[in-house]
Amino acid sequence: MIRIFLTGYMGAGKTTLGKAYAKAKGIEFIDLDWYIEKRFHKTIKELFAERGEDGFRLIERNMLREVGEFENVLISTGGGTPCYFDNMEYMNQQGETVFLDVPIDVLFRRLKVGKHQRPILSNKNDAELRLFIEEALQKRLPFYQQARHSFDGSFLESHSQINESIEKLEILLLANSKK
Ligand code: S3P
């Protein structure tokens, strides 16, 4: 039975790598944000606006417990998922956890383009965005680093880079998998 949790900051490439890896392995891909949006018939942005961040984190916690029971899946979590409640401990119990580690410069470049879908970032200018990423990473790294594996998510910009990353991730997971 395969159950992998992919974690890391916004823009780390969790969805890009997760989707491609799940397809290559013939397992189901679940993006926790999309799962929440489908279950609640609302966008993440709407849930933040209606319930505040605390309300969203509670939903996220509960939905993680739902998808965390599924088998033969790769679950791409939200950037904040490992940092609230005992979510990281839960994921470590339930399956293989991978922290997609990406340098700030790369995150900043990706998020400058992708910030509009993300309620936490959408109203920030470049300088604010960079500072926000730096400060958030400092707070979040201790949680991300509790993942069983760490993987460099910098190289996901083309099909060939994605394919190489899939192979490297496979090797990492096979080499260190739980007995
Ligand atoms: C968040 C990350 C988002 C989403 C929400 C909050 C965060 O997920 O869950 O906007 O706190 O980092 P992605 O990392 O998939 O963008």
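The lining of the largest pocket divides into nine nonpolar, twelve polar and ten charged residues. The model examined here is predicted. The largest pocket holds about 710 Å³ of space. Of its 31 lining residues, Met10, Thr15, Asp33, Gln117 and Arg118 are the closest to the centre. Four helices each give at least two residues to this lining: α1 (14–25), α2 (32–40), α3 (44–67) and α5 (104–114). The largest share comes from α3, which supplies six residues. Empty space of this kind can be traced in a simple way. A probe the size of a water molecule, rolled over the atoms, shows where such space is left.

The overall fold was considered next. Seven helices and five strands make up the secondary structure of the protein. Along the sequence they follow the pattern β-α-β-α-α-β-α-β-α-α-β-α. The radius of gyration is 16 Å, close to the 16 Å that the globule rule gives for 179 residues, so the protein is as compact as a globular protein of that length. Taken along the principal axes, the C-alpha atoms fill a box of roughly 45 × 35 × 30 Å.

Of the 179 residues, 47% count as buried. The protein exposes about 9,400 Å² of surface, and carbon and sulfur atoms supply 52% of that area. Contacts between residues at least 6 apart in sequence were also examined. Among these, 72% join residues at least 24 apart.

Is Met91 buried or exposed? Its relative accessibility is 0%, and under 20% means buried, so Met91 counts as buried. Which residues does Met91 touch, leaving aside those up to four places away in sequence? The partners are Phe5, Thr7, Leu64, Thr77, Pro82 and Thr97. One of them, Thr7, lies 84 residues from Met91 along the chain.

Gly95 and Glu71 are 24 residues apart in sequence. In space, their C-alpha atoms are 9.8 Å apart.

His41 is not a glycine, yet its phi is positive, at about 50°. Asn72 also has a positive phi, near 55°, and is likewise a residue other than glycine. Where are these two residues placed? His41 is in the loop between α2 and α3. Asn72 is found in the loop between α3 and β3 (73–76). Their accessibility was then compared with the cut-offs. The relative accessible area of His41 is 69%, and over 50% means exposed, so His41 is exposed. For Asn72 the value is 36%, between the 20% and 50% limits, so this residue is partly exposed.

How values were computed: Residues numbered from 1 in each chain as written. Predicted model: local features only at pLDDT ≥ 70, side-chain atom pairs only at ≥ 80, totals over all residues. Heavy atoms only, no water. 1 Å grid on protein atoms, 1.4 Å probe; cavity = no way out; pocket = protein on both sides within 12 Å on 5 of 7 lines; lining within 4 Å. Points joined across faces, edges and corners; volume = space filled by probe spheres on them. Nonpolar A, V, L, I, M, F, W, Y, C, P; charged D, E, K, R; others polar. Rg over C-alpha atoms; globule rule 2.2 N^0.38 Å. Buried < 20%, exposed > 50% of the residue type's maximum accessible area, 1.4 Å probe, protein only. Contact = heavy atoms within 4.5 Å. Areas by Shrake-Rupley, 256 points an atom, 1.4 Å probe, with all protein chains shown as cover.
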